[in-house]
Amino acid sequence: MKYVVLPIVGIFIKVLSFIMVGILALSAFVFYMFNKTDIVYPEHKVVHLFTKNEEAFETVRQFVDDVDFSGYPVAYKATPYVSISSPDPLPDIAEYKVRVTTDQMYQVDVDEEKVNQALDQLFRKSDITYISQTRNEEFRSVYFYIANGVGVVYSRTGQTPEDYVDDMYYEYERISDNWFYWRGTWPD
């Protein structure tokens, strides 16, 4: 009896070890696919943040696109644009400033309560660190940065953006009609 049980136990242990190795390999694959190696904010997490805070993204995007540049002097061939940085530390009261850049930089208070609340929500709940409008006056896009070269971008045309804020290489995935997840890498 003893000689019959030992081979069965040995086979059982080998099968169990193969199953454990398979589970470990599958876990490593799933971890890699969902975390996209070193990206802290993979696409599914960014899309979730966007979906959860879509109204705030849209409020800020409309505000940025509606800034009137006529009150700011513009030097020859300078293209004005708007940018907003998350202050560190965040203020106790939701009152933010934007930068209007022409050939000079102007700090402007946001005087609309709804926009201040939307900015506060994006900075606190969506981890947005920087917002910038591109300089292409015909097809301006608005980029929302999260961290590590990822975020969301609004494209006026609904097509993959062809204008950029930085000199990164960009990859895009559509979230909705005009909104895209973006991931950027710096050239070597």
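Student: In which strand does Ser-141 lie?

Tutor: Ser-141 lies in strand S5. Helices (H or I, at least four residues) and strands (E, at least two) are DSSP runs, numbered from the N terminus. This is a predicted model, in which local features need pLDDT of at least 70 and side-chain atom pairs count only at pLDDT 80 or more, while totals for chains, interfaces and linings use all residues. Residues are numbered from 1 along each chain as its sequence is written, and side-chain values use heavy atoms, with hydrogens and water left out.

Student: Why is Ser-141 called buried?

Tutor: Buried means under 20% relative accessible area, exposed over 50%, and partly exposed in between (1.4 Å probe, protein chains only). Ser-141 has 1% relative accessibility and therefore counts as buried.

Student: Which residues is Ser-141 in contact with, leaving aside its neighbours within four places in sequence?

Tutor: Contact means heavy atoms within 4.5 Å. On that basis, the partners of Ser-141 include Val-153, Tyr-154, Ser-155 and Asp-163. Asp-163 is 22 residues apart from Ser-141 along the chain, and their C-alpha atoms are separated by 6.9 Å.

Student: What makes S5 and S6 a pair of strands?

Tutor: Two strands pair if DSSP finds at least two bridges between them. Six bridges join S5 (residues 141-147) to S6, and the two run antiparallel.

Student: Why is strand S6 called mostly covered?

Tutor: Six of the six residues in S6 (residues 150-155) are buried. Val-150, Val-152 and Tyr-154 point one way, whereas Gly-151, Val-153 and Ser-155 point the other way. In a regular strand the side chains alternate between the two faces of the sheet.

Student: What makes a set of grid points a pocket, and how is its volume defined?

Tutor: On a 1 Å grid over the protein atoms alone, a pocket is an open set with protein on both sides within 12 Å along at least five of seven lines, and lining residues have an atom within 4 Å of a point. Grid points are joined across faces, edges and corners, and the volume is the space filled by probe spheres set on the points. The largest pocket has a volume of about 240 Å³. It is lined by 15 residues, and those closest to its centre are Phe-63, Val-67, Asp-111, Glu-112 and Val-115.

Student: Which element gives the most to the lining of the largest pocket?

Tutor: Helix H3 gives the most, with three residues.

Conventions. On a 1 Å grid over the protein atoms alone, a cavity is a set of points where a 1.4 Å probe fits but cannot get out, and a pocket is an open set with protein on both sides within 12 Å along at least five of seven lines; lining residues have an atom within 4 Å of a point.
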